[in-house]
Amino acid sequence: MVELVRNYIGGRWIESSSGETFDSYNPATEESIAPVAKSGVEDVNAAVQAAKEAYKNWRLTPAPRRGEILFRVAALLTERKEEIAHLMTQEMGKILTETRGDVQEAIDMAYYMGGEGRRMLGYTAPVEMPNKFGMALKDSVGVVGLITPWNFPVAVPSWKMLPALIAGNAVVWKPGEDTPAVSALFVKVFEDAGLPSGVLNLVTGAGETGAALVNNRDVRVISFTGSTETGLKVYSQAATMGKKVTLEMGGKNAIIVLDDANLDLAVEAITWSAYGTTGQRCTATSRLIVQKGVKSKLVEALVEKAKTLKLGNGLDESVNMGPLVNQKARDKVEKYVEIGKGEGAKLAVGGHRLDTKGYFYAPTLFTEVAREMRIAREEIFGPVLSVIEVNDLEEAVEVNNEVAYGLSSSIFTENVNAAFKAIRDLTTGIVYVNHGTTGAEIQFPFGGTRGTGNGMREAGLAGLDSFTEWKSVYVDYSGRLQRAQIDTEAVLKSE
Ligand code: UN1
């Protein structure tokens, strides 16, 4: 058995106070990867206390210096990319190209946010009185709590951690319980990059660990990515303490294909958006909204393509699709496939697990899906794609917009007018033209409308919003008591 995955609190790698552990498993082999510290309220509170202490100096460290540490994080992540990607594939199953991409997003974000150390732009504006100056500054918040999922074990935490750190906050991070080992490896990078002790703390565990973080009054911000069910619980609990919350939850993303689309391109994009990461991205495509003229041809090509995908251990470079993350995830996919069949949808390919070790499930395509069916509306989080036929662009947009989620959408068309109408009318946080629904870049805001979130965004220009407070500053250098809008005239006369 390999070494215990420990918590990182106040710069020390330590066991949980109870000494309890749980195991992290490899979903391709069902073997244990490592025992992991199971943290409770006591551990979380110790981490928050360490963060509170470290915040005192970190917030006073000049932001360009903080940025230099982030640049070192970027460089070390680049050096250790293979090591981290390999452990990630072993721990959550996605293939190496995808785990490398996951680490790359964190590298990109570290450079991007490192640069914020020399920007973090506020603004000045004219004020109403003479001899007075006004400015608005971005200020740190204090201790922030991060709760992240297993599907992007390094990228998603990086979207939260790096902006939080550059802005001068101290962090307590609770990673997904399926990916604690790779999370610890990620935290080690910050330690080795010279981040002061206590500025970033790791507490591993499951639901109760996250709940303890949400319930700690010293944690002023909660940034959550994960299931809608848990996210809404976090939101309502945090609201009772007046905390700022960022939520990134489910998706039911669609690709629209119009009759005039480049079909070869569409087939590639649909395949990778639906079956890449075994369908376990919040941006994954789970609905294909296709205009009736191209439906048969497109479905035929997709079925052929799905049959060529090689399933297996993601460490094997020739594999296209890894396993689902765990037994529960596969049970859920199986349940939804039964629901789809029961609703009258037709299975065109897949629809079964593989008869091997590991939580493998064949790429699955349902045709004859009606827009009101559950498989057309609920998030499955697996390699299951539902084809919905429509008459025209207008109907396609309507079908796209009517679900409870609003993260990502896409349209394939060669008609620039149709493309721009779609950009205008699709009500998701991210819209793609002639590209799948996955692959968001870190320099643009990431997040969704409706049930996907709560109006906040991560990354890009919005990336600092969750982790900063505006501080408006007025400096009166008149030497008098000036009351705006009351005695402007009098003051001007006496000048
Ligand atoms: C997620 O699934 O939670 O756009 C994030 C993408 C990736 C991030 C997905 N860059 O698919």
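R65 and E68 sit 3 residues apart in helix α2 (residues 63-79), so about one helical turn separates them. Helices here are DSSP runs of H or I with at least four residues, numbered from the N terminus.

Before you start: this is a predicted model, where local features need pLDDT of at least 70, side-chain atom pairs count only at pLDDT 80 or more, and totals for chains, interfaces and linings use all residues. Numbering runs from 1 along each chain as its sequence is written, and side-chain values use heavy atoms, with hydrogens and water left out.

**Exercise 1.** Work out how R65 and E68 interact.

*Solution.* Start with the rule: a salt bridge needs a side-chain nitrogen of Lys or Arg within 4 Å of a carboxyl oxygen of Asp or Glu. Next, check the pair: the closest N and O atoms of R65 and E68 are 2.7 Å apart, which makes it a salt bridge. Finally, the overall count by this rule is 29 salt bridges.

**Exercise 2.** Describe how domain 1 and domain 2 meet.

*Solution.* First, get the bounds: domain 1 covers 7-249 + 453-474 and domain 2 covers 253-433, as set by an automatic or database domain assignment. Their C-alpha centres are 31 Å apart.

Then look at contacts (heavy atoms within 4.5 Å): 22 residues of domain 1 touch 25 of domain 2. The two domains bury about 2000 Å² between them, 57% of it on carbon and sulfur atoms. That area is the accessible area (1.4 Å probe) lost on putting the two parts together, summed over both.

Now the polar side. The interface has 2 salt bridges and 7 residue pairs in polar contact, both residues at pLDDT 80 or more. A polar contact pairs N or O atoms within 3.5 Å; within protein, one must be able to donate a hydrogen and the other to accept it, and sequence neighbours count only if both atoms are side-chain atoms.

On the domain 1 side, α3 (81-92) and α4 (96-116) each supply at least two residues, with α3 giving the most, 4 residues.
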